There are 4 protein chains.
Amino acid sequence: MNAILRVHCPDRTGIIAALSDFVFRHGGNILDLDQHSDPDGNRFFMRLVWSMERFTLDADGVRLGLEVYARSFGLAWELSFDDRRDRVAVFCSKEPHCLYDLLLRQRLGELAGDVVLVVSNHEDARPAAAYFGVPFVVTPVTRDNKAKAEAEQLELLAGHGIGLVVLARYMQILSPEFVERWSGRVINIHHSFLPAFAGARPYHQAKARGVKLIGATAHYATEDLDEGPIIEQDVVRVTHRDEVEDLIRKGRDLERQVLARAVRLHLQRRVLVDGRRTIVFG
Amino acid sequence: MNAILRVHCPDRTGIIAALSDFVFRHGGNILDLDQHSDPDGNRFFMRLVWSMERFTLDADGVRLGLEVYARSFGLAWELSFDDRRDRVAVFCSKEPHCLYDLLLRQRLGELAGDVVLVVSNHEDARPAAAYFGVPFVVTPVTRDNKAKAEAEQLELLAGHGIGLVVLARYMQILSPEFVERWSGRVINIHHSFLPAFAGARPYHQAKARGVKLIGATAHYATEDLDEGPIIEQDVVRVTHRDEVEDLIRKGRDLERQVLARAVRLHLQRRVLVDGRRTIVFG
Amino acid sequence: MNAILRVHCPDRTGIIAALSDFVFRHGGNILDLDQHSDPDGNRFFMRLVWSMERFTLDADGVRLGLEVYARSFGLAWELSFDDRRDRVAVFCSKEPHCLYDLLLRQRLGELAGDVVLVVSNHEDARPAAAYFGVPFVVTPVTRDNKAKAEAEQLELLAGHGIGLVVLARYMQILSPEFVERWSGRVINIHHSFLPAFAGARPYHQAKARGVKLIGATAHYATEDLDEGPIIEQDVVRVTHRDEVEDLIRKGRDLERQVLARAVRLHLQRRVLVDGRRTIVFG
Amino acid sequence: MNAILRVHCPDRTGIIAALSDFVFRHGGNILDLDQHSDPDGNRFFMRLVWSMERFTLDADGVRLGLEVYARSFGLAWELSFDDRRDRVAVFCSKEPHCLYDLLLRQRLGELAGDVVLVVSNHEDARPAAAYFGVPFVVTPVTRDNKAKAEAEQLELLAGHGIGLVVLARYMQILSPEFVERWSGRVINIHHSFLPAFAGARPYHQAKARGVKLIGATAHYATEDLDEGPIIEQDVVRVTHRDEVEDLIRKGRDLERQVLARAVRLHLQRRVLVDGRRTIVFG
């Protein structure tokens, strides 16, 4: 089992030395260390992974130790252990490709978490969820019942011990309250290269503008739609021959990959949010 | 010598048959034919290249023949011969990388035209132009003398028999009159993946937004800045480690390549403008 | 319904004119025309698509007409109609990702053919085939029964009216007789950027050599393993951090996409074989 | 001024803690730390950058301190300071694009070293070197005078205090003695995606094989040609339409970029050689 520590704090000397020394003195072997100093904001970010095999502190002991550095350095920290995988809920609507892709990757062991729940506002994805043996719940959303539907969803997330929500082409907008409450734990896939073509029907917008590349963007959901911190993006070449339906088809491949990469990075605790941006320790 | 014919017209049957038959009957060998029907606009576009080696009509004869089809099919056409290369003027300001790149490619024989004039609002690029043996003219532009400077530039273009103007990081905005007069013959390079980060300081915008890819876009200049028909785009991956100066450095490579590809495509008569978009027969 | 004609013949003038005229005279509307002259081999290749909506010849009439040009021009031709989709058999072994991917794309309507049979030397993929409603047949292959197994497979292909065999990470080598008999109709995916790392365990070879990109290659199967005409290739960036298992994971994404693109191109009749190479009219 | 330390040694716990503590105790601020443990070879690699601004040891003091850890940990280390930039010699033959590109990047301040010498077996590049103000020396190489020519070159390198030799499409093979003596300090650009198309005329090989991507590879020169540790690679898409001359043109862009990136990485001390492979701390 490995410990994964993510910290951020005001930049100052001695943090790396202090924390790597802390790990060393208690018998830990550092497996991975990545850090970043943001010169603009004068902030320090670090991800530190060490083996707990011969570590002389248990989880509580680690937390206690970190608390000391927190007071001294003004450290904000998050600790996790890779034997405790996040439980993931996937929200989807009618288009199944992102859902299916995540379920397949889960079966192939590619994700560092477990999809344990599929939530949808439609029945369409039920057979896929069933095939992969994942519980499927429909929470129909209408203009009138949105608050009630979200209350139901939040209860589902709590009941299933969910740690990450993935919006896999989920065609409903979450309320600011939902997003706020799950801040940094809801990943959305937008089918354009943000900030280009934010909003509805990005492939139609792309066709109309005559771009030569189309993109997809995975980002944390925030109150401002399509404005959340970007985790991953990619593009694919298109030509004048590609009609909107071709853009949609080519885009599907992008969406699947970009979303899967973002989810994997998050589940491996490789992403730190830095205001409107992310630090991704790849 | 080869003839290059570009046509566009309302879509209808028989155009390919008619034009390929016209070429065949007069002894031409078709070397390349590319066509596109735009289902939305019901428009037809074609690029046809044939060898004039044993052709039984001269240039005027070809034009006469095309005029017949123009009346019958509502054909708009443009004819050129690849022994007449476009004379190109490059406009630049202080940043030299795009200018250098074009001059080097010209020397390597990569362009299908000839850079015969460099125009700038600064002295900086004079040695580079001199090294490559291309005339260099400074037309200083201030808030007050813009009309006069443009008049001078237009005269220069006329005097040098220019067919294409390339804005190689030229930091002045051409007047609507200039752009209108040279419509479809002025290529600009914008240092972002348009329509993302239009306007000033796109690399700063990209850094602030935290995108994971930056881009460059070559497009025809139009009255609406950064809104012209896109000829070519490309992107490169960046991370949180890349400061604005790194984006600028990485972007330079993109700008050079994207601009050079667009210029080459234009000079080979591979680009047709279709409203706000382009057809690029690659 | 559209007709798709592919021709190749010695290069000479008049072929495009003759065939486009043939289509026009019988009421066809050309939707797509792409051609290529190979200057080395002095060969001509063309793909011509026209609408049969108001065509005044039926399929037999078209064939008769083409036969005339065949004699005159030395034309080799292949005619198909897009209302008759190829029936596809997918061969797989234990690794399911390419099979799943093809089945999903089929459901999404991305392929221009129909996967109607899955053949494997193992039981593993049975549930996946069942979920997608495609017949699944196990033909166990051992050192001793190979000829018998292939006879069985050939019978299956005949019985199901198969037009294309896709080797989706099928870990058996087809006999020269099989490959010869199905020449140009068996697509294999190799998990490297051929010709680099031909043969077994390419990801291990890539790791040992320390390459910075890994690739995948879809090609027609030929007697010489990994030497068949390449239809499509792509690569993805890797670093020293990527262990062999990471290369395998990253490679899976490549394999799926490259194979799917190649299969789609083949089924749309966009691929012509030119000796050891392919012409792909994309 | 910053110190850049690169170390490698057998993998064991405590190295990061010890070295970061060493930096901290003497007043250094760690700016960048990147490390890698090779699970196969059980080797540890690290690159550590710290600010010398308030450091309480001078260069000799640092060396003394490192020597202690070297004995204790079996550490192999290399120390440099970024105020001492490598002096670079570029070797070229007739094709100027890589040379020109490096000189331009130097002028733009992109390289973290200084090109101070151009060596060639031909006169062709003299004007380019002159334009950029870099000394140019011709050392003609024939079958008979190779040893003498290399002796001359080695003397030039010594005389100019060269730290890195860049073979920018230099069409002579360096002797094993030269390569051995300058091991890890000679970067070559090969115009293919190695290990595909090693040897002569890779673009011709690529055309013959019908690949859909061509590549370029920058690697350290070793006695076995085209077998040296790879620093950087990239590819670009090609089609059946691209004749060998098109591959050469497209390849030029690749070669320039791949070589420039490799040179920059080397000069920033981001590359460590690990047997036949490299660790690149990007």
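Leaving aside neighbours within four places in sequence, which residues is A:Asp234 in contact with? In this predicted model, the residues from chain A are A:Ile214, A:Gly215, A:Ala216, A:Leu254, A:Val258 and A:Arg261, and those from chain B are B:Leu213 and B:Arg237.

A:Asp234 is part of strand S11 of chain A, which covers residues 230-237. Its relative accessibility is 18%, and because buried means under 20%, A:Asp234 counts as buried. One of its contacts, A:Arg261, is also a polar partner: the two side chains make a polar contact at 3.2 Å.

**The sheet in chain D**

Chain D contains an open sheet of four strands, arranged in the order S2-S3-S1-S4 with antiparallel pairing. Strands S2 (29-38) and S4 (76-81) of chain D each have a single partner strand and stand at the edges, so one side of each lacks a neighbour in the sheet. On average, and with direction ignored, neighbouring strands of this sheet are turned by 10 degrees against each other.

Strand S1 (residues 2-10) and strand S3 (residues 43-51) of chain D run antiparallel and are joined by nine bridges. In this pairing, D:Asn2 of chain D stands opposite D:Ser51 in S3(D).

Two helices of chain D pack on the sheet. Helix H1 (residues 15-25) of chain D touches S1, S2 and S3 of chain D, and its direction makes about 15 degrees with that of S3(D). Helix H2 (residues 59-73) of chain D touches S1, S3 and S4 of chain D, with a direction at about 165 degrees to that of S4(D).

Two packed helices are described by the angle between their axes and the distance between the axes. The table gives these values for two helix pairs.

| Helix pair | Residues | Angle | Axis distance |
|---|---|---|---|
| H7(B) and H8(B) | 202-209 and 244-267 | roughly 125 degrees | within 9 Å |
| H7(C) and H8(C) | 202-209 and 244-267 | about 125 degrees | 9 Å |

The angle in chain B makes H7(B) oblique to H8(B), and the crossing of these helices is right-handed. B:Tyr203, B:His204, B:Ala206 and B:Lys207 of H7(B) meet B:Val244, B:Leu247, B:Ile248, B:Gly251, B:Arg252 and B:Glu255 of H8(B).

For chain C, the angle of about 125 degrees makes H7(C) oblique to H8(C). The crossing of H7(C) and H8(C) is right-handed. On the H7(C) side the contact is made by C:Tyr203, C:His204, C:Ala206 and C:Lys207, and on the H8(C) side by C:Val244, C:Leu247, C:Ile248, C:Gly251, C:Arg252 and C:Glu255.

Technical notes
Residues are numbered from 1 along each chain as its sequence is written. Chains are lettered from A and ligands numbered from 1 in the order in which they are written. This is a predicted model: local features need pLDDT of at least 70, side-chain atom pairs count only at pLDDT 80 or more; totals for chains, interfaces and linings use all residues. Side-chain values use heavy atoms; hydrogens and water are left out. Buried means under 20% relative accessible area, exposed over 50%, partly exposed in between (1.4 Å probe, protein chains only). A polar contact is a pair of N or O atoms within 3.5 Å; within protein, one must be able to donate a hydrogen and the other to accept it, and residues adjacent in sequence count only if both atoms are side-chain atoms. Contact means heavy atoms within 4.5 Å. Two strands pair if DSSP finds at least two bridges between them. Axes are lines fitted to C-alpha atoms, for helices over the stretch in contact, and angles run from 0 to 180 degrees between N-to-C directions. Angles under 35 degrees count as roughly parallel, over 145 as roughly antiparallel, 65 to 115 as roughly perpendicular and the rest as oblique. A crossing is left-handed if the near helix is turned anticlockwise from the far one by less than a right angle, and right-handed if clockwise.
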